[in-house]
Amino acid sequence: MTKFERILCPTDLTTESDEALRYAIALAFAYKAKLMLLYCRTPGSIVEWSTGSSAARLFELSLFTHMDANELKSLDWEGVITEGDDKGLAIADEAARKNADLIVMRSRRRPYAAALLGSTAETVSRTAPCPVLVTHPSEREWVGVTTSEIDLHRLLVAYDNSADADLALSYATSLAQQYQTEVHVLHVISDTPPEEPELAWSNAGRETSYEIAVRQLQQMVPKETYLWCKIVTDVRCGQPANEILSYAKEQKIDLICMGASGTGFSLDKLFGSTVDRVLRHAPCPVLVSRPTTRAAASTKAA
């Protein structure tokens, strides 16, 4: 079963970014994990001239938004201040130094017009040494606003037969075991499908790409998973990001789990990456699954 022991939550000490803190607190309590609040300092910022005690007070004020004094006493947490020209890489670097098992952060849903400037959440999702949970404004919630209780019902795994997708499936089934949720596993065939109905495809005398995908998808889900949760598999044809987003809305998915690889931000990745598009438009939080590494190497080399 997945075990999160050290959770890193970047914050700019605003009400909007602290919405991600609500998820981080809930997960920290659920897994008895240490919570590390991270502020990325820039010249002229409010924390730059703060003393250590006053900086800690600012972190406490953010925590008090989601808990009372007794709950704060029972939470294992620390505040961390770092700095860097690129906040995304600074967050990933700090996660590596702190041996974080999970990063929980907020995305402001940058529009396509701003894609050339990149996105902090997208940068972290590509360079982090651990999984990244990204929350958004106006999305489907699964953590109580006042109770911090986790209320997961349906998880979606975007599966593309890659090692990253296997990791996403592993995280999803582990969460499903703990919270008794449904797991939906979706594979998208990007090729244009035949015009005939799906039932007619099997009459062609050989396996179609659709049939192969259905068979492989059913084989990829561990058999023991069926013992503790309901598994739903589906194969669709179309543009992957669009199909993932449509499925998540149709099925009222609470959390999308998907893998991400690579660290480049070339034009084709900015405008063509399935992960980037899903992060910008997801109707619920997204867990970008990355292997957890305990390395001291800086991610700036990426």
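I looked up the aromatic pairs and found three in the structure. Rings of Phe, Tyr and Trp (its six-membered ring) pair if their centres lie within 6.5 Å; planes under 30 degrees apart count as stacked, over 60 as edge-to-face and the rest as tilted. I noted that this is a predicted model, where local features need pLDDT of at least 70 and side-chain atom pairs count only at pLDDT 80 or more, while totals for chains, interfaces and linings use all residues. Residues are numbered from 1 along each chain as its sequence is written, and side-chain values use heavy atoms, with hydrogens and water left out.

**Entry 1: aromatic rings**

I took phenylalanine 4 and tyrosine 171, which are stacked, with 6.2 Å centre to centre and 10° between the planes. I placed phenylalanine 4 in the segment before strand S1 (6-10) and tyrosine 171 in helix H6 (residues 163-179), 167 residues apart. Helices (H or I, at least four residues) and strands (E, at least two) are DSSP runs, numbered from the N terminus. Both phenylalanine 4 and tyrosine 171 are buried. Buried means under 20% relative accessible area, exposed over 50%, partly exposed in between (1.4 Å probe, protein chains only).

Next I read off tyrosine 23 and tryptophan 142: their ring centres are 4.9 Å apart and their planes stand at 85°, so this pair is edge-to-face. Tyrosine 23 belongs to helix H1 (residues 18-31) and tryptophan 142 to the loop between strand S5 (132-135) and strand S6 (154-158), so the pair ties together parts 119 residues apart in sequence. Tyrosine 23 and tryptophan 142 are buried too. I also noted a cluster, in which ring pairs link Phe4, Tyr31 and Tyr171.

**Entry 2: strands**

I then checked the partners of S5; two strands pair if DSSP finds at least two bridges between them. Strand S4 (residues 102-106) runs parallel to S5 and is joined to it by four bridges, with isoleucine 103 opposite valine 132. Strand S10 (residues 286-289) runs antiparallel to S5, with three bridges. Leucine 133 stands opposite leucine 287 in S10, and valine 134 has valine 286 as its bridge partner there.

S10 is likewise covered on both faces, with Val286 and Val288 buried on one side and Leu287 and Ser289 on the other. Four bridges join S10 to strand S9 (residues 255-259), and these two run parallel. I note isoleucine 256 opposite valine 286.

**Entry 3: valine 278**

I located valine 278 in helix H11 (residues 274-281). Its relative accessibility is 0%, so valine 278 counts as buried. Apart from neighbours within four places in sequence, valine 278 is in contact (heavy atoms within 4.5 Å) with Ala241, Ile244, Leu245, Ile256, Met258 and Val286. I also looked up proline 240, which is 38 residues from valine 278 in sequence and 9.4 Å from it in space, C-alpha to C-alpha.

**Entry 4: helix H8**

I read helix H8 (residues 209-220) as 12 residues reaching 16 Å from first C-alpha to last, close to the 16 Å expected at 1.5 Å a residue. The expected span is 1.5 Å times one less than the number of residues. Its buried residues are Tyr210, Ala213 and Leu217. They lie on the same side of H8, because they cover an arc of only 60° around the axis; the arc is that of the directions from the helix axis to the C-beta atoms. An α-helix has 3.6 residues a turn, so residues three or four places apart point the same way.
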